[in-house]
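Q: I am new to this structure and would like a close look at a single part of it. Please take me through that part carefully and then show me how it sits in the whole.

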Amino acid sequence: MNTPSPQLLYYDIAPGVTAFSTTRHGGVSHGAYGELNINAYCGDDEGHVARNRELLVKKLDLPPTQLIVPHQTHGVETLVVDNDFLALPAERRALALEGVDAVMTHCQSVCVGVSTADCIPVLIYDETHHVVAAAHAGWRGTVDRIVTATLERMATRYGTRPQDVRAVVGPGISVRNFEVGQEVYDAFRLVGHDMGRIAKRYGKWHIDLPLCNKLQMESWGVPTDNVTMSGICTYEAEADWFSARRLGIASGRIYNGLILR
């Protein structure tokens with residue numbers, strides 16, 4: 001029997017950085033979790049998750065302890081993964097990762113990442129200070145500007161400046177498929193998002209989450225050309241990418257990560 005091999009989408013963000021998103025292919029999970037789900041918080045079989053993590057770290061040439069997977073809650077909490085964090089026992093690590101929606105590190109050979117299934121992953125690299133960060137931007141996190149919070153934390157901790165940043169907006173739901181109620185539209189409007197650019201009406205309101213996160217980076221001063229848009233709609237391409245709107249909440253998650261080499 002052939003051993004599964006995770007199939008990843010790699011991004012050319014910068015030399016010395018491995019940036020990627022997992023696809024659904026190359027793991028051992030079944031059904032709506034099939035095949036490559038490494039997220040332990042979405043109801044998948046624990047043994048399958050553990051095996052998929054083994055397969056992924058082997059593919060990435062990392063020790064298992066260097067794969068960082070936060071338990072996200074659609075908030076704006078950020079976590080710095082440093083040597084002190086890496087020295088923690090597993091139980092305390094798990095506690096530190098609870099309720100975290102963005103992770104960052106300057107440590108080499110550590111994979112920081114976030115899990116998505118229609119939400120927007122934003123992968124960030126500071127080329128001057130050699131720091132990487134991953135942010136999970138669902139609609140709530142996008143409303144509350146999780147990407148801006150991540151950049152601000154990088155600036156405070158590492159000295160990141162807008163011109164230092166290279167970023168990728170990974171696979172997520174597109175504007176044509178992200179239909180929302182009036183209350184979601186109002187949540188964006190009331191905190192000052194540019195509704196003329198991010199909202200479209202096709203009978204009901206639709207919100208452009210990828211663009212909204214790109215605009216947050218531009219508002220912070222990141223040059224437009226420094227942000228790469230994947231252009232992949234998870235809802236339309238559910239054969240290759242997990243989509244909660246297609247598959248339901250009890251389904252797998254894409255893992256979007258970065259590693260400094």
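A: Strand 1 (residues 8-11) and strand 2 (residues 17-22) pair in the antiparallel sense over four bridges, where strands are DSSP runs of E of at least two residues, helices are runs of H or I of at least four, both numbered from the N terminus, and pairing requires at least two DSSP bridges between two strands. This is a predicted model, in which local features need pLDDT of at least 70 and side-chain atom pairs count only at pLDDT 80 or more, while totals for chains, interfaces and linings use all residues. Residues are numbered from 1 along each chain as its sequence is written, and side-chain values use heavy atoms, with hydrogens and water left out.

Within this pair, leucine 8 has threonine 22 of strand 2 as its bridge partner.

Another part to look at is an open sheet of three strands, with the order 10-12-11 and antiparallel pairing. Its edge strands, each pairing on one side only, are strand 10 (179-180) and strand 11 (199-202). Strand 10 is joined by two bridges to strand 12 (residues 204-207), and these two run antiparallel; here valine 180 stands opposite tryptophan 205 in strand 12. Helix 6 (residues 182-190) packs on the sheet, touching strand 10, strand 11 and strand 12, and its direction makes about 45° with that of strand 12; the angle is taken between N-to-C directions on a scale from 0 to 180 degrees, with axes fitted to C-alpha atoms, for helices over the stretch in contact.

Phenylalanine 188 touches, among others, Trp139, Met195, Ile207 and Leu209, not counting residues up to four places away in sequence, a contact being heavy atoms within 4.5 Å. Phe188 is also one of the residues with the most contacts inside the largest nonpolar core, which has 37 residues; such a core is a set of buried Ala, Val, Leu, Ile, Met, Phe, Trp, Tyr and Cys residues joined through side-chain atoms within 4.5 Å, and buried means under 20% relative accessible area with a 1.4 Å probe, protein chains only. Apart from it lies another core, of 24 residues, among them Ala19, Ile68, Val103 and Val112.

As for the whole, the secondary structure of the protein chain comes to nine helices and 14 strands, and 56% of its 261 residues count as buried.

Methods: Buried means under 20% relative accessible area, exposed over 50%, partly exposed in between (1.4 Å probe, protein chains only).
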